[in-house]
Amino acid sequence: MRILRIVLLGLVLLVAVVLLGGVLLFNDWTRGPLPQHSGEISISLPTGAQSVVSAGLTDTVEVIRDTWGIPHIYAKNIHDLFFAQGYTQAQDRWWQMEFWRHIGSGTIQELTGANASVMRQDVFIRTVGWRRAAEKEVATYSEEILTLLQAFADGVNAYILNRSAGDLALEYNILGLTGVTIPIQPWSPVDTIVWAKVMAWDLSGNRDEELIRSALYDTLGEDLTDVVFPPYPYDSRPTIVTAADLPVSEATLNAPDNSAGLTGVSTTLAGGLTPRDTLFAGDRSFGSNNWVVSGRLTESGMPLLADDPHLGIQMPSIWYEVGLHCQPVSEACPFDVRGFALSAAPGVIIGHNDRIAWGVTNVGPDTQDLYRLKVNPDNPLQYEWNGAWRDMTEVEETITFGDGGQPVTIKVRETHLGPIINDNQISDDGSIGGYNNDDPMAFRWTALDPGTLFQSVLLLNQAQNWEDFREALRYWDVPSQNFVYADVDGNIGYQTPGRIPIRAAGHTGLLPVDGTTDQYEWKGFIPYDDLPRVLNPEAGFIHSANEAVVPLEYYEQLRDKLADEFGADSSYFISRYWDYGYRGDRIVQLLQESGPHTADTFATIQGDNYSGSAAEMLPFLTGLDFDDDALDEARDWLAEWDFQMHMDSPQAALWAVFWQRLMVNLYNDQLGDVTSASGGSRDMWTTYLLAQDPQNVWWDDAATAGATETRDDILKRSFEEAYTRTVELLGGSRDQWQWGKLHTATFVSNPLGVSGIDIIEDIVNRGGVMTSGGSSIVNATGWSAAADSFAVRSLPSMRMIVDLGDLAASQTVHTTGQSGHPYSPHYGDMIEDWRNIRYHPMLFTREQVEANAASRLTLKPG
């Protein structure tokens with residue numbers, strides 16, 4: 001018995017040691033990466049990194065984090081300010097920065113190991129050449145801008161190169177269990193610009209629409225296709241700049257006709273990607289809201305400005321709140337700015353300084369075109385141009401794998417028009433096809449040319465008035481944004497910046513075009529001083545929500561002015577694709593009806609859940625006879641709805657399911673394999689127009705031979721299916737139905753959050769939480785009718801309200817929290833406020849920051 005007791009005791013001790021070791025290991029992996037936020041740190045250059053970190057701190061910097069984990073950085077010179085910003089953002093968001101630069105570089109498999117689906121993305125990104133473009137751009141920067149970008153990179157490297165991978169982020173250790181080894185590479189200015197290229201891709205162009213329209217012209221014909229690409233309704237929806245803001249001429253333009261272009265082109269691009277894949281933005285419901293009102297319309301008599309950019313849902317938030325303060329503010333160190341940064345970049349993208357405030361939404365100009373080339377049959381590195389063979393440049397891109405697989409090298413062909421975007425297609429068996437000489441297409445995009453975006457950001461952060469603001473935006477080339485402006489002197493304004501092409505006669509930008517001659521080469525770009533702008537409009541407010549920027553009269557005036565230089569027949573359109581104005585129309589209505597305005601009225605507008613599309617379409621259901629008492633009663637119950645997509649609304653749930661079924665029944669039978677209806681603003685407007693034409697051929701179900709369906713047939717079928725499906729999803733009692741039970745927001749951290757392993761996903765993901773709103777609603781929590789669920793796919797990535805009468809009274813919130821570390825208390829502490837339209841103070845003054853200080857970190861030269 002004594003021996004047995006000893007054995008049992010030994011086993012107990014062994015188990016205890018194993019458990020203790022596991023607890024210690026788990027604690028080390030999860031808490032070890034949490035950065036030091038209090039006390040002092042002497043910043044020393046990493047061993048052997050003098051060639052990487054060009055300069056350390058030159059003086060003491062103070063970083064005060066408030067109760068929301070937001071850092072307020074106080075430095076005595078510009079170098080130290082941006083060095084500390086890099087250091088601070090690496091502390092809180094290093095894994096996000098690491099993942100972002102691998103996305104932009106097409107090196108995601110260095111993090112994940114070999115993966116067939118990721119391979120498609122890496123090949124495509126390498127073919128387009130985001131990193132190659134970033135390298136070219138950095139080479140053109142002035143010494144001043146490059147010095148500031150390098151200061152930021154120095155701060156990042158001072159943090160990451162002094163630590164092991166496991167002390168930087170939990171992700172390194174977990175991915176290491178799969179056999180992936182990820183060396184910590186120094187950060188560089190190119191890494192910052194790479195992420196700017198990714199953002200530009202997300203917010204630019206119409207490459208997917210060109211491919212989809214071309215394919216549908218081939219399968220459906222032009223007339224049928226044009227029904228689902230209706231022109232913007234200028235006569236019934238607002239524009240950002242109104243006719244009253246222009247020197248309007250008597251002549252106006254009609255909506256443009258489709259002109260030159262190629263149909264039937266392949267929609268398969270490098271890596272085997274198509275417009276259905278996630279690298280393509282698709283429907284323009286992916287947008288943003290901003291507005292500004294003058295003191296005439298506010299309770300305080302001073303301007304108020306609001307902004308909520310809509311971007312893809314992710315974990316952590318795409319935004320990082322920060323305050324950058326020179327101490328003291330001087331000509332040599334002029335920064336005193338508060339707002340939202342991207343973790344991979346210095347400066348503040350959206351926010352305010354001590355004099356002005358600004359907010360952005362996406363313009364969505366057409367800055368991309370596809371050109372069909374003819375390759376020399378005797379030399380695959382030459383293409384026909386104006387009757388002669390012109391040389392291409394061949395670039396080798398080597399894809400490596402974090403799990404040690406054999407590297408793969410692809411060859412990219414670049415023309416003066418851009419890279420051939422449909423080389424290197426990947427077949428179903430995973431083989432890479434190499435050159436495509438059958439129907440090669442070159443990809444022209446403004447962001448592949450060297451730009452000046454970060455010069456604009458840094459000038460914008462310092463701007464003191466309207467003139468400074470406009471001069472800063474002169475360098476904001478891509479992605480073009482709708483900037484609203486306000487200042488402490490009471491002015492409000494708007495500016496469209498960006499490098500927006502002027503196209504040749506006959507080139508609408510709607511379809512791929514012939515690329516064997518210079519006939520359709522871009523003529524130039526709309527001069528900055530001729531781009532739309534407004535200062536202190538008579539209406540007393542300016543708004544933007546991704547709708548058409550200007551009325552058609554603007555283009556007539558622009559043509560008259562620029563005809564001598566670029567030609568009277570050239571195309572001066574900023575874009576021919578817009579959000580169809582549901583959000584913009586509602587914002588204008590609420591701005592006009594709910595004044596005098598305060599931060600509270602602005603918050604109400606930002607949280608508005610009214611569905612203008614439902615209000616348009618529901619009357620077409622009310623007159624139907626379902627020959628079923630239960631369905632008739634459900635329809636009558638739905639008709640009592642206020643069209644608000646509140647998370648607790650039962651009618652909103654039924655409407656959403658009905659809308660999803662209507663998209664399938666109305667469109668997808670004819671769209672076929674080319675695309676699917678997403679249910680966003682274009683589909684909403686198209687459906688409303690079709691509803692007024694009950695016999696239109698789009699209502700006929702192509703799958704029912706021998707029958708011709710009409711509008712009422714498809715509406716009835718869709719409602720019947722929706723009621724059955726809603727009962728399946730939410731139960732038989734309508735009292736238990738809630739839109740938010742279907743419309744949940746899950747914040748996913750890549751790549752672990754999509755690992756398929758529940759225990760790991762539970763560590764890094766947050767949600768799903770019930771959420772109000774929907775697509776083309778001011779509270780734009782977008783979902784897709786083409787998906788299998790009603791889950792949130794895009795959302796207001798932050799909400800900001802700036803009070804120019806009292807900057808200290810400004811308020812904001814973003815989606816998740818400041819930290820990218822899953823075991824930080826600030827990883828997901830903003831989610832509840834975000835989904836319930838609540839805010840925290842946008843602390844600005846030193847007194848405010850001190851009163852709300854949660855930690856204080858002093859950085860000293862080592």
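**Notes on the predicted model**

1. Asn 536 is partly exposed, with a relative accessible area of 35%, and its place is in the loop between strand S23 (533–535) and strand S24 (541–544). The model is a predicted one, and in it Asn 536 has a positive phi of about 50° although this residue is not a glycine.

2. Ser 776 lies in the loop between S26 and strand S27 (794–796), and at 3% relative accessibility it counts as buried. These backbone values deserve a look, because most residues other than glycine have a negative phi, and most peptide bonds are trans.

3. Which residues are joined by a cis peptide bond? Met 315 and Pro 316 are joined in this way, with omega at about -5°, and Pro 316 is found in the loop between strand S5 (304–312) and strand S6 (319–326). A cis peptide bond also joins Gly 767 and Gly 768, with omega about -5°, and here Gly 768 is found within strand S26 (residues 766–770).

4. The axes of helix H11 (residues 453–462) and helix H12 (residues 466–473) come within 8 Å and cross at roughly 170°, which means that H11 is roughly antiparallel to H12. Ser 456, Leu 459 and Leu 460 of H11 make the contact with Phe 469, Ala 472 and Leu 473 of H12, and these residues divide into 5 nonpolar, 1 polar and no charged.

5. The count of aromatic pairs comes to 40. One of them is formed by Trp 291 and Phe 602, whose ring centres are 5.7 Å apart and whose planes stand at 65°, so the pair is edge-to-face. Trp 291 lies in strand S4 (residues 288–293) and Phe 602 in helix H15 (residues 599–606), so the pair ties together parts that are 311 residues apart in sequence. Trp 291 counts as buried at 0% relative accessibility, and Phe 602 likewise counts as buried at 0%.

6. Ring pairs also link Tyr 610, Phe 626, Trp 641, Phe 643, Trp 655, Phe 658, Trp 659 and Phe 719 into a cluster. Elsewhere, the charged end of Arg 413 sits over the ring of Tyr 435, 4.2 Å from its centre, while Arg 499 lies over the face of Phe 525, at 6.0 Å from the ring centre.

7. Asp 712 has its place in helix H21 (residues 711–730) and is partly exposed, with a relative accessible area of 28%. The C-alpha atoms of Asp 712 and Gln 695, which are 17 residues apart along the chain, are separated by 9.4 Å.

Conventions
Residues are numbered from 1 along each chain as its sequence is written. This is a predicted model: local features need pLDDT of at least 70, side-chain atom pairs count only at pLDDT 80 or more; totals for chains, interfaces and linings use all residues. Side-chain values use heavy atoms; hydrogens and water are left out. Axes are lines fitted to C-alpha atoms, for helices over the stretch in contact, and angles run from 0 to 180 degrees between N-to-C directions. Helices (H or I, at least four residues) and strands (E, at least two) are DSSP runs, numbered from the N terminus. Angles under 35 degrees count as roughly parallel, over 145 as roughly antiparallel, 65 to 115 as roughly perpendicular and the rest as oblique. Contact means heavy atoms within 4.5 Å. Ala, Val, Leu, Ile, Met, Phe, Trp, Tyr, Cys and Pro count as nonpolar, Asp, Glu, Lys and Arg as charged, and the others, Gly among them, as polar. Rings of Phe, Tyr and Trp (its six-membered ring) pair if their centres lie within 6.5 Å; planes under 30 degrees apart count as stacked, over 60 as edge-to-face and the rest as tilted. Buried means under 20% relative accessible area, exposed over 50%, partly exposed in between (1.4 Å probe, protein chains only). A charge sits over a ring if NZ of Lys or CZ of Arg is within 6 Å of the ring centre and within 35 degrees of the ring normal.
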